[in-house]
Amino acid sequence: MTVTQRRGRRAMMTRDELDAFLAGRRTCRVATAGRDGRPHVGPLWFVWDGRALWLYSLVRSRRWADLRHDPRVAVVVDDGEEYEELRGAELSGTVTVVGEAPRRGAACPELVVPERLFAEKYFGLAAMPHDSRHGWLRLTPEAVVSWDFRKLRRR
């Protein structure tokens, strides 16, 4: 993962802060581009395993169709209401489909950890329930920009 931040280094999250932030948030916004170049942004549930952002998407969605044509994405995870509370991260790169799509539960060693994390985070379960409508997209970020404006508070 490459940190591409040149400005705003005072507000940048450390690696540990970024890991904790991404593990604790529930919803991200995924930006894709359609065949005509038109952007599309939509909310999605995800898990972070410390190296990759795992996106659980409907396979019959505009997002999935966009990514089959052009697998490049930008994903934003953010939090805060007031300016001094704003924090977040933008992760960008190319997604890869992992496992069967749609996911029916066939053995896939790469999905053991993300499915366990996802099942615990969103369903309070030890095992992932498969609905045959979603599939997994793995984003191993090529670039990350983060901010935590709480660090900028004057003391």
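## A salt-bridge tour

Start by selecting Arg62 and Asp66: their side chains meet in a salt bridge, with N and O 3.8 Å apart. Keep in mind as you click around that this is a predicted model. Now show the cartoon and find helix H2, which covers residues 62-69. Arg62 and Asp66 sit 4 residues apart in this helix, so about one helical turn separates them.

Is Asp66 buried or exposed? Asp66 has 7% relative accessibility, and because buried means under 20%, Asp66 counts as buried.

Next stop: select Arg29 and Asp78. These two form a salt bridge as well, and their closest N and O atoms are 2.5 Å apart. Which parts of the chain does this pair link? Colour strand S1 (residues 27-33) to find Arg29, then strand S4 (residues 72-79) to find Asp78. The two residues are 49 apart, so the bridge links distant parts of the chain. Arg29 is partly exposed at 35%, and Asp78 is partly exposed too, with a relative accessible area of 32%.

Now pick Arg87 and Asp79. Here the closest N and O atoms of the salt bridge are 3.3 Å apart. Arg87 is buried, at 18% relative accessible area, while Asp79 is partly exposed at 29%.

Note on methods. Residues are numbered from 1 along each chain as its sequence is written. This is a predicted model: local features need pLDDT of at least 70, side-chain atom pairs count only at pLDDT 80 or more; totals for chains, interfaces and linings use all residues. Side-chain values use heavy atoms; hydrogens and water are left out. A salt bridge is a side-chain nitrogen of Lys or Arg within 4 Å of a carboxyl oxygen of Asp or Glu. Buried means under 20% relative accessible area, exposed over 50%, partly exposed in between (1.4 Å probe, protein chains only).
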